[in-house]
Amino acid sequence: MRQCLVPLIGLALMACQQAPAPSTAPAPAPQAAAPADLVIGDLRFSQAWARATLGANAVTAAYLSIANAGAVEDVLLSVGSPAPGVTVEMHESLEADGVRQMRRVPSLAVPAGGALELKPGGLHLMVFGAQLAEGAQVPITLTFARAGSVNLDVTARSGTGAETSAEADPHAGHGSDATGDAAHDHGSHP
Ligand SMILES: [Cu+2]
């Protein structure tokens with residue numbers, strides 16, 4: 001797995017997973033295999049996925065778990081994408097006055113010996129400008145104070161049932177009529 005640590009650009013979770021596959025075994029269909037964890041220094045990235053978009057919608061959320069095996073906290077300082085026209089923000093979902101909303105957060109801590117969990121209904125990455133059919137991938141770059149920049153190719157899948165939450169619907173928290181806060185109004189985002 002050590003070779004997975006070096007070529008960060010374009011490195012996909014899937015690429016790490018396929019490397020050690022024995023040549024005698026039939027290769028599983030890539031889209032059917034669960035992506036292996038990606039380990040960068042003390043950080044382990046797992047369970048990354050993005051919610052597939054519907055129709056012309058190009059706003060969605062991405063989720064993952066970032067565990068920190070080290071003795072020192074790391075901090076996710078910025079997020080972005082090398083894909084043209086795609087921007088990414090760190091968001092948190094919250095409920096105020098019975099209305100689910102989201103707001104942008106400037107950074108997120110990855111506690112020492114703990115994990116930063118980005119999941120539906122809580123902290124998440126908001127992805128703007130990407131239409132993602134199920135199985136499509138969007139590259140996301142995470143920049144940490146200590147671990148540096150990490151590139152992930154996040155695969156889209158449809159979220160159902162318990163995974164349904166505010167960020168599934170761009171009109172629930174990001175619409176022009178939902179937050180009333182121009183700074184957080186993504187309804188007119190290109
Ligand atoms: Cu959001």
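Colleague: Which residue takes a positive phi in the hairpin of E1 and E2?
Modeller: Please note that this is a predicted model. In that hairpin, Gly41 has a positive phi near 60°, and two residues lie between the strands.

Colleague: How many bridges join E1 to E2, and do they run parallel or antiparallel?
Modeller: Strand E1 (residues 38-40) and strand E2 (residues 43-51) are joined by three bridges and run antiparallel. Within this pairing, Ile40 stands opposite Leu43 of E2.

Colleague: What about E2 and E3: how many bridges are there?
Modeller: Six bridges link E2 to strand E3 (residues 59-68), and the two run antiparallel. Arg44 stands opposite Ala67, which belongs to E3.

Colleague: And E2 with E11, parallel or antiparallel?
Modeller: E2 and strand E11 (residues 148-157) run parallel and share two bridges. Here Ala50 is placed opposite Ala156 in E11.

Colleague: Turning to the largest nonpolar core, which residues touch the most other members?
Modeller: The core holds 28 residues, and Ala62, Leu125, Val127 and Ile140 touch the most other members. Elements that give two or more residues to this core include E2, E3, strand E9 (123-128), strand E10 (137-144) and E11.

Colleague: Which element gives the largest share of this core?
Modeller: That is E3, with five residues.

Colleague: And what does Leu125 touch?
Modeller: Leaving aside residues up to four places away in sequence, Leu125 touches Ala61, Ala62, Val79, Val88, Met90, Leu118 and Ile140.

Terms used
Residues numbered from 1 in each chain as written. Predicted model: local features only at pLDDT ≥ 70, side-chain atom pairs only at ≥ 80, totals over all residues. Pairing = 2+ DSSP bridges. Helix = DSSP H or I, 4+ residues; strand = E, 2+ residues; numbered from the N terminus. Core = buried A, V, L, I, M, F, W, Y, C linked by C-beta atoms within 7 Å. Buried ≥ 20, exposed ≤ 12 C-beta atoms within 10 Å, placed from the backbone. Contact = placed C-beta atoms within 7 Å.
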